[in-house]
Amino acid sequence: MKQFFSLTDFNLKNKTVAVRVDLNLPYNPETGELTENSRLWKHAETIKELVNKKAKIIVLAHQGRKGKSDFISLEKHAELLEKNLDKKIEFLKYGEGFDEIKKLEFGEVLLLDNVRFYDDEIKDKSIEEHANSRLPKKLAPFIDYFVLDAFSVAHRSQASVVGFAVLKPCIAGPVFELELEKLEEFKEKIKSSKTTFILGGAKPEEPLELIENFVGSRSEILTTGVISLLFLTAEGYNLGKTEEFLREKDYLDNLKRINEMHSKDKIKVPVDLAVERHTRPSGASFLQSKKEGVKRVEISLNELPVEERILDIGKKTLENYEKIISGSDVVCMKGPAGVYENKNFESGTKKLFEILKKHKCTLLGGGNTIDALEKFKIPFNNFGYVSLGGGAFVEFLIGKNLPGIKALKLSFTRFKNGR
Ligand code: 3PG
């Protein structure tokens with residue numbers, strides 16, 4: 001039974017349509033460089049579809065979080081969209097009046113500045129309350145329809161995600177619909193098959209949620225990245241310098257949660273790790289330290305603690321993990337295994353992708369996973385499905401009710417008779 005509107009339900013010709021996409025891109029504050037990726041490319045296709053339908057298009061998106069170095073204006077994003085769509089993209093700075101929308105022709109595109117510049121955007125309010133937040137309230141009188149194309153923000157009850165639901169008919173965009181269809185499929189497969197989760201990345205929160213949800217099931221859980229370091233610490237290993245890093249980031253606060261976990265013994269940890277070791281050519285003195293280089297060195301767990309930071313998993317771990325992966329029906333990977341941005345420490349992540357390429361049923365997700373695939377130039381079609389979502393991908397798989405989906409359903413119920 002139909003639960004929400006699709007683009008094909010309406011004739012959008014000569015209509016004004018706001019579309020919420022996800023242009024949250026990797027940004028280097030030192031160089032000011034923004035890296036385009038699949039998120040931008042996929043949403044650009046949706047915008048193109050709306051242009052072809054001869055709608056007037058208002059694009060809404062965010063970049064970063066308040067207080068972080070990647071919390072910037074979307075001016076550069078407009079340039080990237082312009083390049084990808086081969087079309088002029090108008091840009092409206094934060095604070096400028098929406099009357100500009102009236103000047104736009106049908107088939108033209110206007111990108112609004114970072115929606116998180118509105119203070120009430122990220123307040124965790126209900127759908128009805130967000131209808132009164134500044135952006136939906138100000139923009140709704142100018143538009144006929146709202147399209148939610150960004151599944152990757154569907155876990156956020158934020159104004160630009162849910163705030164239009166009771167104001168205008170809200171439509172699920174093609175990117176959103178595809179994500180939902182594929183993730184639904186995988187959610188069912190995971191329930192009925194032997195699944196291996198490979199969980200890594202630089203932040204423990206989302207992998208921990210997945211582990212807590214699946215640890216009592218038939219699933220195998222293989223840890224990499226920061227999450228593996230926390231499990232090793234919980235097992236009593238002293239990680240040396242790396243422990244300082246985990247403490248600085250407040251990641252050690254998760255140890256209590258890990259220790260209280262049932263069936264913890266079912267969660268696999270690495271048996272070897274890679275560190276960055278400084279080398280001095282033999283015979284060279286300290287004065288010649290400029291000649292010093294760095295290399296990857298793999299260590300076993302009984303060589304711990306070490307002075308150097310742990311930056312990847314080792315070869316023996318990969319061999320162990322490969323055996324487990326090959327014996328599973330479904331494999332789901334979230335987060336890279338190490339610091340893949342550094343050539344010396346990319347091999348854990350790269351090798352896992354190679355192993356997964358050979359498997360018949362694979363699901364990958366998360367911003368850094370996508371970033372790593374793109375860095376290694378590994379096309380997404382080597383895998384069952386690659387989700388553009390990070391937090392949304394995790395929350396959907398563990399069965400949470402996502403506010404974005406709730407908003408689309410509510411809007412459908414409210415507007416289906418007046419179409
Ligand atoms: C993401 O990068 O997963 C989405 O853009 C959501 O960003 P957020 O976690 O800052 O809400």
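Modeller: What follows starts at the ligand and then turns to the pocket, the cavities and the backbone.

This is a predicted model, in which local features need pLDDT of at least 70 and side-chain atom pairs count only at pLDDT 80 or more, while totals for chains, interfaces and linings use all residues. Residues are numbered from 1 along each chain as its sequence is written, and side-chain values use heavy atoms, with hydrogens and water left out.

The residues around the ligand are Asp22, Asn24, Arg39, His62, Arg65, Arg116, Ser152 and Arg156; a residue counts here if one of its heavy atoms lies within 4 Å of the molecule. This shell has five charged residues, three polar ones and no nonpolar ones. In these classes Asp, Glu, Lys and Arg are charged, Ala, Val, Leu, Ile, Met, Phe, Trp, Tyr, Cys and Pro are nonpolar, and the others, Gly among them, are polar. Arg156 has a polar side-chain atom 2.6 Å from a ligand oxygen. For Arg39, the distance from a side-chain N or O atom to an oxygen atom of the ligand is 3.0 Å, and for Asn24 a polar side-chain atom lies 3.1 Å from a ligand oxygen. On its own the ligand has 310 Å² of accessible area, of which the protein covers 86%; the area comes from the Shrake-Rupley method with a 1.4 Å probe.

Ser152, part of the shell around the ligand, also lines the second largest cavity, together with His43, Ala150, Phe151, Val175, Glu179 and Leu388. A cavity is a set of points on a 1 Å grid over the protein atoms alone where a 1.4 Å probe fits but cannot get out; a pocket is an open set with protein on both sides within 12 Å along at least five of seven lines, and lining residues have an atom within 4 Å of a point. The second largest cavity holds about 30 Å³, a volume being the space filled by probe spheres set on grid points joined across faces, edges and corners. Its lining has four nonpolar residues, two polar and one charged.

Val175, Glu179 and Leu388 belong to that cavity lining and also to the lining of the second largest pocket, which includes Lys42, Glu45, Phe380 and Tyr385 as well. The volume of this pocket is about 190 Å³. Two or more lining residues come from each of α1 (38-52), α7 (174-192) and β18 (385-387); helices (H or I, at least four residues) and strands (E, at least two) are DSSP runs numbered from the N terminus. Seven lining residues of the pocket are nonpolar, four charged and one polar.

The count of cavities of 30 Å³ or more is two. The largest contains about 80 Å³ of space, and its lining includes Leu92, Tyr94, Phe98, Asp113, Phe117 and Lys138. By class, that lining has six nonpolar, four charged and two polar residues.

Two backbone details remain. Asn14, in the loop between β1 (5-6) and β2 (16-20), has a positive phi near 60 degrees. The peptide bond from Leu304 to Pro305 is cis, with omega near 0 degrees, and Pro305 sits in the loop between β14 (293-300) and β15 (310-313).

Conventions:
A polar contact is a pair of N or O atoms within 3.5 Å; within protein, one must be able to donate a hydrogen and the other to accept it, and residues adjacent in sequence count only if both atoms are side-chain atoms.
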